[in-house]
Amino acid sequence: MNNVIFAVVSAVISIFSLFIMFVLIMIVRLKKGSAKAAKQLAVLNIRKLADIGHVDSLTIIPLVDYYAIDDSYRTEAGVAYIVEAGNRRILFDLGLNKKKEHPSPLLINLKQTGLSPGDLDAVFISHIHNDHVGGKYEERKCRFSLSAGKVELAGIPVYSPGNIAPSENNPGPYVKVINDPEIIDKGIASIGIYPRSLFLIGYIVEQSLAINVKGKGIVLIIGCGHQGIDNIINRVTDIFDEPIYGIIGGLHLPVKGGRVMIGPLNMQNIVGVDRRPLRGMRESDVNQALNSIKRINPQIVSLSPHDSSDWTIKKFKESFGNKYIELQAGKAIHV
């Protein structure tokens, strides 16, 4: 009996020691990553984009997300939107394709909207995470993929916040790496990268898409918002004179629930913050995000459910009332 107790105690001590070692390693990595992010921020050329121009119309069609307008659309905890800005059609992110299917949920939903890959003028990648570049394998290989099989894709530009390559399934596009804020077409710009170090996820850079709509202002399309909504708003204020008219996309606020649960453990809540250790997003973070957005008084707010909980979405609905639009695959948002 004593031997059994000793073995159990030894096992518990070993597991606890490994956990403490893991946390210490993550803390050291977090500190190094934060220093790297600060250094990169310091060398970015943040300047006014005075000649961005404008588009006369803007429609965002969510292709891939956690909820859909009806059962004819596939859903998953990933992101892909069609952005129709003036006469340009941009694919914003490429979803997750968790089951490595062909056709992927992205392709199935694209067809459902009456479009095909040949209708795209450009691809815009917010950040190089699996749920935005087409899968875990793609993230590891630092490449992007529309599906697990062959897809005819023309030699269109791909605007990425880091080095990435098209997979062998969709060869043809050429990659342009974005660092500083940059106009990519008339009325369309990247707000530039914002580097950040996160506990467990590690170092990451993310960009958001800004569309200047005539007579209205800047509509922001955000992938996950790992930059932090305050940082995003401050960046937009620094580079544009136009007001922020709309905020659409992910802000990573998985409070009181999430889309990646391991038993009672809300993994989304833990991985996307820079607190240590295992101190995730809280109600106060949601309230802070709400207050930051309210201060700029946008006319459209639409929060992606792929990385925010139903509790958070309910708070946003209550806060913004008729300014809030449900973000669902297949539901077009007209600006």
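This is a predicted model: local features need pLDDT of at least 70, side-chain atom pairs count only at pLDDT 80 or more; totals for chains, interfaces and linings use all residues.
**View 1. Ser197, tucked into strand β11.**
Let's start with a serine. Ser197 belongs to strand β11, which covers residues 194-198. Is Ser197 buried or exposed? Its relative accessibility is 4%, and buried means under 20%, so Ser197 counts as buried. A polar atom of its side chain sits 3.3 Å from the backbone oxygen of Leu30. Leaving out residues up to four places away in sequence, Ser197 touches Arg29, Leu30, Gly33, Ser34, Gly202, Tyr203 and Asp274.

Which side chain makes a polar contact with the side chain of Tyr203? That's Gln40, at 2.2 Å.

**View 2. Helix α7 packed with helix α8.**
Time for some helices. Two packed helices are described by the angle between their axes and the distance between the axes. Here the pair is α7 (residues 283-296) and α8 (residues 310-320), whose axes come within 11 Å and cross at roughly 30 degrees. Angles under 35 degrees count as roughly parallel, so that is the label for α7 and α8. The crossing is right-handed. On the α7 side, the contact is made by Glu283, Val286, Asn287, Leu290, Ile293 and Lys294, and on the α8 side by Trp311, Thr312, Lys315, Phe316, Ser319 and Phe320. Sorted by class, that gives 6 nonpolar, 3 polar and 3 charged residues.

**View 3. Helix α7 again, this time with helix α5.**
Helix α5 spans residues 229-239, and its axis lies 9 Å from that of α7, at an angle of about 20 degrees. That makes α5 roughly parallel to α7. What is the handedness of the crossing of α5 and α7? This crossing is left-handed. From α5 come Ile229, Asp230 and Ile233, which meet Gln288, Ala289, Ser292, Ile293, Arg295 and Ile296 of α7. By class, the contact of α5 with α7 has 5 nonpolar, 2 polar and 2 charged residues. Spot Ile293: it takes part in the contact with α5, and Ile293 is also listed in the contact with α8.

Notes:
Residues are numbered from 1 along each chain as its sequence is written. Side-chain values use heavy atoms; hydrogens and water are left out. Helices (H or I, at least four residues) and strands (E, at least two) are DSSP runs, numbered from the N terminus. Buried means under 20% relative accessible area, exposed over 50%, partly exposed in between (1.4 Å probe, protein chains only). A polar contact is a pair of N or O atoms within 3.5 Å; within protein, one must be able to donate a hydrogen and the other to accept it, and residues adjacent in sequence count only if both atoms are side-chain atoms. Contact means heavy atoms within 4.5 Å. Axes are lines fitted to C-alpha atoms, for helices over the stretch in contact, and angles run from 0 to 180 degrees between N-to-C directions. Angles under 35 degrees count as roughly parallel, over 145 as roughly antiparallel, 65 to 115 as roughly perpendicular and the rest as oblique. A crossing is left-handed if the near helix is turned anticlockwise from the far one by less than a right angle, and right-handed if clockwise. Ala, Val, Leu, Ile, Met, Phe, Trp, Tyr, Cys and Pro count as nonpolar, Asp, Glu, Lys and Arg as charged, and the others, Gly among them, as polar.
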